[in-house]
Amino acid sequence: MPLHDKIIPYLERTDKVKQFTVQFTWFHERFRVLPADATEDTICIYARVYIMMLLSTQLFGDKSANRVHIRWLSFMARLDEMGTYSWGSAALAWLYRCMCRVANKNATNLAGLL
């Protein structure tokens, strides 16, 4: 079963989705504790959610600071390939993008902790 078939049903049943983002609290409430009788598929889902939260809040933070963007869902499809992505280059590109946005005279902060 594809990843989006496993995660998206959770998202469709929640009112926390707004502009392709989900409130961090929803992830925290839904995936906080791994069930004791978890199957391998369940463990993989929890691992993907955890990585998605890390990507959205730590590595690629934005001004909301309390939402997880679902753009990272496609990168979670194959956990085996996560190490082959150039995350450093992606983080640098994200930083450059944020810096371009802050060059706007109306911008008040960069993104995340910046």
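Helices here are DSSP runs of H or I with at least four residues, numbered from the N terminus. I note that the model is predicted.

**Entry 1, helix H4.** I looked up Tyr96 and found it in helix H4, which covers residues 87-102. Tyr96 belongs to a nonpolar patch with Leu92, Leu95, Met99 and Val102. Together these residues have about 420 Å² of accessible area.

Which residues of helix H2 are buried? I found Trp26, Phe27 and Phe31 buried in this helix, which runs over residues 24-31. I looked down the axis of H2: its buried residues fall within an arc of 100 degrees, so they line one face of the helix.

I looked up the largest nonpolar core and counted 20 residues. Those that touch the most other members are Phe27, Phe31, Val49, Met52, Leu55, Phe60 and Trp72. H2, H3 (40-59) and H4 are the elements that give two or more residues to this core. Helix H3 supplies the largest share, with 6 residues. Domain 1 (4-83) and domain 2 (86-113) each give the core at least three residues.

I found Arg71 in the loop between strand S3 (67-69) and H4. Arg71 is partly exposed, at 33% relative accessibility.

Notes. Residues numbered from 1 in each chain as written. Predicted model: local features only at pLDDT ≥ 70, side-chain atom pairs only at ≥ 80, totals over all residues. Heavy atoms only, no water. Buried < 20%, exposed > 50% of the residue type's maximum accessible area, 1.4 Å probe, protein only. Arc of directions from axis to C-beta. Patch = residues over 30% accessible without salt bridge, like charges linked within 9 Å, V, L, I, M, F, W, Y side chains within 5 Å. Areas by Shrake-Rupley, 256 points an atom, 1.4 Å probe, with all protein chains shown as cover. Salt bridge = Lys/Arg side-chain N within 4 Å of Asp/Glu carboxyl O. Core = buried A, V, L, I, M, F, W, Y, C linked by side-chain atoms within 4.5 Å. Domains from an automatic or database assignment.
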